[in-house]
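Subject: Structure for you to look at

Hello,

Here is the structure I promised to pass on. Please open it alongside this message.

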Amino acid sequence: MSRCNDCEKDLVIHDLQKKLALIKRYLAPFLWLRRLLKKTFKIIKRTNNETGLNNTSKNDENPEKNNIDTLRTFMQGKQIRESVLYIDHGVGGGCNQYLDLHIAENTISVTYLVRYNINSGRYDINVYYDSESISFSLTTIDDVFAIINSQGIKKITLNNIISFPDTLNILKRLIDAKKRRNIEVTMHIHDYFSVCPTFYLLDKNQNYCGPLEFKECEKCYPSSGEMIPPVLRVETGIQEWRKLWKEFLFECDTIVVFSESSKSILEAVYGNLPQIKIIPHTVDYIEKVDRTSKSTNTINIGILGDVVYHKGSLILGEMVNIAADEERYSNVRFVLFGTVHPSIESNVFIETGNYSKENLPALTIENDIDIFIVPSICPETFSYTTQEIIEMNMPVACFDLGAPAERVKNYDKGLIVSETTGKCALETIVNWYDLNEI
């Protein structure tokens, strides 16, 4: 009887462990985004406090009018120039960094930058004219479009509107502004929000949905609620979503994508889009690695950047566990230049935390890296980390997905992993190493 009770206890414990692992799996992206948003909100708050950028006073009866008056005063007496408006989310990351750099390099126009602030529920506005700038915030998207109408804006670039309230209404307003005011509209494709509100193109089973040719979307999207945090959830039917996005994309004068892969995915959903321009990001800050011999007796696999679920955190965890448990992989070690969520604890895994991109070649040599892996399970639109590895002239492996695979296939030190599993990735890399050992 005692033995049966013990067995039952073991089964209960095993079941609880499985449930806990599942909970951790689905919570990982939420926790990562929460940390990202919290960090972003602190930066915004600190910037406003230090520079006095927020001109809205709680005591003003009509703060929006005061902000518009401030804008008019700022522009008074200035030479009339072409005015450009950029619309972007405010949650941080590479998308914001890209646009900030783009604006800094294009200062001949009067530039208006609109970012939605999830924390305040307001639209943060920055206006740039030569070396001068002002900042304020507005309450509604109507106030934003009032600026478009009053300031003679001739060009609008939609960089990203993830997190914006009422996405489809914004698209309708932009289409209307385009037609009525003959505004030139550009769209940047940093993710696949224009294809699906979940924007990573992962189905309810957390697999890339492209092989299904996007034909199961009506069944998939209603059950995808757990895939993204509630603050980013969009309540809509997928057909309505795509109908309006298609209308908007066809109204765009230019659609900028950063890889051939993105062009293929957009056109698989929406048909031929002749206004697409493929303009890959520039990665010119990394030097080549001069590595001719090893300094350790282990196979050292490197990973770059912060790794969350869609970036392959569970894949990486699987690879680490297999390497720790199986004799065949006893000489494999992993070095992550960045962080992983959920965390990985193992004596075959090292996490270095934040790093400077300019120091990557030195870190690669210091840690005796033999090959890097890009473990993303979604089709990335570019992947800076993939290009950084290629620029270092280091071997790199990835799954046959998106922009990374597009470039790795044409790279003489590239390796495509045929199945999107940690076991296949580890086996493929070790087999490659056995054939190419330094």
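Below is what turned up, region by region. Please keep in mind that this is a predicted model.

**The eight-stranded sheet**

Start with the open sheet. Its 8 strands follow the order β4-β3-β2-β1-β5-β6-β7-β8, and the pairing is mixed. The edges are β4 (132-138) and β8 (276-278); each has a single partner strand, so one side of each has no neighbour in the sheet. From one strand to the next, the twist averages 20 degrees.

Val257 has Ile278 of β8 as its bridge partner.

**Helices on the sheet**

Two helices lie across several strands. Helix α4 (residues 141-150) lies across β1 (83-89), β2 (110-117), β3 (122-129), β4 and β5 (153-158). It runs at about 145 degrees to β4. Helix α7 (residues 238-251) lies across β5, β6 (184-188) and β7. Its angle to β6 is about 120 degrees.

Helix α3 (residues 94-104) has a clear division. Its buried residues are Cys95, Asn96, Tyr98, Leu99 and Ile103. Seen down the axis of α3, they fall within an arc of 160 degrees, so they line one face of the helix. An α-helix has 3.6 residues a turn, so residues three or four places apart point the same way. On the other side of α3, Gln97, Leu101 and Ala104 are exposed. What do the buried residues of α3 pack against? Their contacts are β1, β2, β3, β6 and α11 (384-391).

**Around β12**

Strand β12 (residues 371-374) is covered on both faces. Ile371 and Ile373 are on one side, Phe372 and Val374 on the other, and all are buried.

β12 pairs with β9 (residues 299-304): the two run parallel and are joined by 2 bridges. In that pairing, Phe372 of β12 is the bridge partner of Gly302. β12 also pairs with β13 (residues 396-399), in the parallel sense, over 3 bridges. There, Ile373 stands opposite Ala397 of β13. The chain gets from β12 to β13 through α11, and this β-α-β crossover is right-handed.

**Aromatic pairs**

The count of aromatic pairs comes to 13. Two are worth a visit.

Take Tyr116 and Phe164. Their ring centres are 5.7 Å apart and their planes stand at 40 degrees, so the pair is tilted. It links distant parts of the chain: Tyr116 is in strand β2, Phe164 is in the loop between β5 and α5 (167-181), and 48 residues separate them. Tyr116 counts as buried, at 11% relative accessibility. Phe164 counts as buried too, at 5%.

Now Phe193 and Trp241. Here the ring centres are 5.0 Å apart and the planes are at 75 degrees, so the pair is edge-to-face. This pair also links distant parts of the chain, 48 residues apart. Phe193 is in the loop between β6 and α6 (217-220), while Trp241 is in helix α7. Are these two residues buried or exposed? Phe193 counts as buried, at 3% relative accessibility. Trp241 is buried as well, with a relative accessible area of 0%.

**Backbone points to check**

Most residues other than glycine have a negative phi, and most peptide bonds are trans.

- Leu201 is not a glycine, yet has a positive phi of about 60 degrees. It lies in the loop between β6 and α6 and is buried, with a relative accessible area of 1%.
- Gln206 also has a positive phi, near 65 degrees. It lies in the loop between β6 and α6 and is buried, with a relative accessible area of 9%.
- The peptide bond from His341 to Pro342 is cis, with omega near 0 degrees. Pro342 lies in the loop between β10 (332-337) and β11 (349-351).

Best wishes

Notes
Residues are numbered from 1 along each chain as its sequence is written. This is a predicted model: local features need pLDDT of at least 70, side-chain atom pairs count only at pLDDT 80 or more; totals for chains, interfaces and linings use all residues. Side-chain values use heavy atoms; hydrogens and water are left out. Two strands pair if DSSP finds at least two bridges between them. Helices (H or I, at least four residues) and strands (E, at least two) are DSSP runs, numbered from the N terminus. Axes are lines fitted to C-alpha atoms, for helices over the stretch in contact, and angles run from 0 to 180 degrees between N-to-C directions. Contact means heavy atoms within 4.5 Å. Buried means under 20% relative accessible area, exposed over 50%, partly exposed in between (1.4 Å probe, protein chains only). The arc is that of the directions from the helix axis to the C-beta atoms. A crossover is right-handed if, with the strands pointing away from the viewer, the path from the first strand over the helix to the second runs clockwise. Rings of Phe, Tyr and Trp (its six-membered ring) pair if their centres lie within 6.5 Å; planes under 30 degrees apart count as stacked, over 60 as edge-to-face and the rest as tilted.
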